[in-house]
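Please load the model in a viewer and keep the selection tool at hand. The tour below goes from one selection to the next.

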Amino acid sequence: MRVALNLLFFAALIYVSLCALLYFAQRSLLYFPTPAVSLPGATPVALTTEGATLRLWTRPTDGDDALIYFGGNAEDVAASFEDFAAALPRHALYFVNYRSYGGSTGTPSEEALFADALAVYDHVQARHPNIAVAGRSLGSGVAAYLASKRKVQRLVLVTPYDSIVNVARKRFPVFPVSLILTDKFDSASRVPDISAPTLAIVAERDEVIPRRNSDALIARFPKIRITVEVIPGATHNELGPTYPALISRFCNTN
């Protein structure tokens with residue numbers, strides 16, 4: 001009996017220790033900052049927010065239309081800039097490097113990224129009244145938050161999820177992730193506050209965001225307000241050449 005109790009005690013101790021390890025390591029498992037790069041053809045803009053200076057890649061225009069882009073958790077947003085510039089020639093572009101990404105300062109967290117998104121929107125809105133917002137993977141949660149707090153003309157969610165908690169449950173099924181995770185990115189809960197026409201782009205063979213998590217988010221939207229495009233054969237990081245064209249068509253629809 002004592003041996004069984006000792007084994008139970010040590011098993012519980014190991015489990016609690018693993019929970020603690022996951023808690024303290026969670027942001028290192030969620031955010032993968034990218035180094036600063038140069039990007040010919042783009043204009044870097046430094047935007048000071050509370051606790052950080054963000055480096056934005058921009059393509060200014062004199063028109064009313066602009067697009068703000070939030071990337072994935074390990075994405076160098078500079079890599080997508082040229083494709084978006086070609087697909088959206090009339091839009092001013094604002095690609096956001098999160099805190100500690102691409103030459104931005106500060107430390108990333110859900111609270112910080114959300115606050116920065118509002119600051120970027122306010123900076124852009126002072127120059128362009130018609131703003132579309134796009135977010136990919138992790139960035140879809142930032143974009144959904146922004147669209148729930150500010151007026152946007154179009155919302156594009158690329159390889160989206162309902163919440164990071166629900167995605168994490170599949171990867172860490174034996175842990176109470178809803179209690180452990182501090183950065184939850186609960187996009188599904190924000191849908192009632194989103195009024196913009198929305199495009200969801202889903203990779204048919206997404207190996208990072210399970211299809212059920214994308215579908216759970218999509219199901220929260222009224223059907224009249226969301227368009228869904230599934231890219232055949234695409235994986236999470238390889239969406240193929242049709243991806244920018246889908247966004248262009250959606251953002252240029254009256």
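Is Glu229 buried, partly exposed or exposed? Glu229 is partly exposed, because its relative accessible area is 26%; buried means under 20%, exposed over 50% and partly exposed in between, with a 1.4 Å probe and only protein chains counted.

This is a predicted model, in which local features need pLDDT of at least 70 and side-chain atom pairs count only at pLDDT 80 or more, while totals for chains, interfaces and linings use all residues. Residues are numbered from 1 along each chain as its sequence is written, and side-chain values use heavy atoms, with hydrogens and water left out.

**Whole chain**

Start with the cartoon. The protein chain has eight helices and eight strands; these are DSSP runs numbered from the N terminus, helices being H or I with at least four residues and strands E with at least two. The radius of gyration is 20 Å, close to the 18 Å that the globule rule gives for 254 residues, so the chain is as compact as a globular protein of that length. That radius is taken over C-alpha atoms, and the rule is 2.2 Å times the number of residues to the power 0.38. Along its principal axes the C-alpha trace spans about 80 × 40 × 30 Å. Of the 254 residues, 51% are buried.

**Salt bridges**

The structure holds five salt bridges.

Next, select Arg27 and Asp183, another salt bridge, with N and O 2.9 Å apart. Arg27 lies in helix 1 and Asp183 in the loop between helix 6 (177-180) and strand 7, so the pair ties together parts that are 156 residues apart in sequence. Arg27 is partly exposed at 37% relative accessible area, whereas Asp183 is buried at 4%.

**Helix 7**

Now select residues 211-218, which make up helix 7. Arg211 and Asp215 form a salt bridge here, the closest N and O atoms being 3.1 Å apart. The two are four residues apart in the helix, about one helical turn. Arg211 is partly exposed at 39%, and Asp215 is partly exposed at 35%.

Which residues of helix 7 are buried? They are Asn213, Ser214, Leu217 and Ile218. Seen down the axis, these buried residues fall within an arc of 140 degrees, so they line one face of helix 7; the arc is that of the directions from the helix axis to the C-beta atoms. Their cover includes strand 6 (154-158), helix 5 (164-171), strand 7 (198-203) and strand 8 (226-231).

**His91**

Move to His91, in the loop between helix 2 (78-87) and strand 4 (92-96). His91 is buried, with a relative accessible area of 4%. Leaving out residues up to four places away in sequence, His91 touches Arg59, Thr61, Asp65, Ala66, Leu67, Cys251 and Asn252, where contact means heavy atoms within 4.5 Å.

**Last stop: Leu18**

Finish at Leu18 in helix 1 (residues 2-30). Leu18 is partly exposed, at 40% relative accessibility.

Notes
Salt bridge = Lys/Arg side-chain N within 4 Å of Asp/Glu carboxyl O.
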